[in-house]
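Student: Could you take me on a close look at the spaces inside this model, and at the place where the ligand sits?

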Amino acid sequence: MRKIMVAPSILSADFANLCDEIQKCEKGDADIIHLDVMDGHFVPNITFGPVVIKSIRRCTKLPFDAHLMIEKPEKFVKDFISAGADIVTVHLETKVDFDTIIRKIRNYGAEVGIAINPDTPFSKVKEYMDEIDYLLIMSVYPGFAGQRFIKDVLPKIKEAREYVDKEDLQVKIGVDGGIKHTNYKEVLNAGADILVAASAIFGGDIVRNIQDFKKMK
Ligand code: DX5
Ligand code: ZN
């Protein structure tokens with residue numbers, strides 16, 4: 001049985017009480033804090049950057065995943081890692097040299113994630129699978145919290161799971177977008193290790209919402 005990991009995305013948190021909200025995530029036994037970084041270019045929304053990450057670093061010991069939805073991630077890798085990101089996740093759809101950025105992230109001491117949009121096939125990321133720690137499969141088009149889960153990605157999650165198992169890789173599979181208590185079991189059954197969720201966790205009792213995701217009955 002795979003361990004179910006939960007990564008609350010603070011995008012739906014109360015930003016006036018961010019530290020407190022993150023500590024509730026820790027109490028609920030969250031595994032990773034997911035940080036949605038948006039630049040208004042790669043996605044049509046703007047969120048926060050290294051300054052905010054640096055200030056919330058003191059709130060928790062949980063690992064931080066910086067999900068970079070920005071056009072030129074290579075320019076900012078060092079800043080995000082210095083600010084406290086333990087994992088840096090870069091979109092395959094950005095026009096960067098992946099061998100270089102993977103090396104760069106590792107050299108600065110963080111783990112490497114690659115994210116793929118709903119319309120990017122798994123075959124496109126295969127060549128990097130033995131170089132990364134984390135594959136983030138988007139189940140919405142990135143930009144906003146609270147969107148509807150795109151069911152068409154379920155076969156892709158399954159394909160990624162089968163590949164990771166067949167090749168005996170250590171890559172963790174995360175799924176991000178539209179995950180609710182009504183559909184998370186399908187996502188886990190398809191093969192996800194990590195559930196990323198914003199609105200389903202921060203809309204209500206944070207501790208309970210996380211704990212409920214960890215129950216696979
Ligand atoms: C989407 C972000 C997601 C988002 C998830 O651009 O990458 O992490 O916050 O939000 P929910 O869980 O509300 O769909
Ligand atoms: Zn995200």
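Tutor: Gladly! The largest pocket holds about 160 Å³ of space. On a 1 Å grid over the protein atoms alone, a pocket is an open set of points with protein on both sides within 12 Å along at least five of seven lines, while a cavity is a set where a 1.4 Å probe fits but cannot get out; lining residues have an atom within 4 Å of a point. Points are joined across faces, edges and corners, and a volume is the space filled by probe spheres set on them.

This is a predicted model, where local features need pLDDT of at least 70 and side-chain atom pairs count only at pLDDT 80 or more, while totals for chains, interfaces and linings use all residues. Residues are numbered from 1 along each chain as its sequence is written, chains are lettered from A and ligands numbered from 1 in the order in which they are written, and side-chain values use heavy atoms, leaving out hydrogens and water.

Back to the pocket: its lining includes Met5, Ile32, Glu111, Asp133 and Lys172. By class, that lining has 6 nonpolar, 1 polar and 3 charged residues (Ala, Val, Leu, Ile, Met, Phe, Trp, Tyr, Cys and Pro count as nonpolar, Asp, Glu, Lys and Arg as charged, and the others, Gly among them, as polar).

A search of the whole structure finds 1 cavity of 30 Å³ or more, and the largest cavity has about 200 Å³ of space. It is lined by 24 residues, and Phe144, Ala145, Asp176, Gly177 and Ala198 are the closest to its centre. The lining divides into 13 nonpolar, 8 polar and 3 charged residues.

The largest cavity is the space taken by ligand 1 (a molecule sits in a cavity if more than half of its atoms lie within 2 Å of its grid points). Around ligand 1 are 19 residues, with Gly143, Gly146, Asp176, Gly178 and Ser199 the closest. Strand 2 (33-38) gives the largest share of this shell, 3 residues (strands are DSSP runs of E, at least two residues, numbered from the N terminus).

Taken alone, ligand 1 exposes 380 Å², and the protein buries 100% of that.

Methods:
A residue is near a molecule or strand if one of its heavy atoms lies within 4 Å of it. Accessible areas come from the Shrake-Rupley method with a 1.4 Å probe; for residues, only the protein chains shown count as cover. Helices (H or I, at least four residues) and strands (E, at least two) are DSSP runs, numbered from the N terminus.
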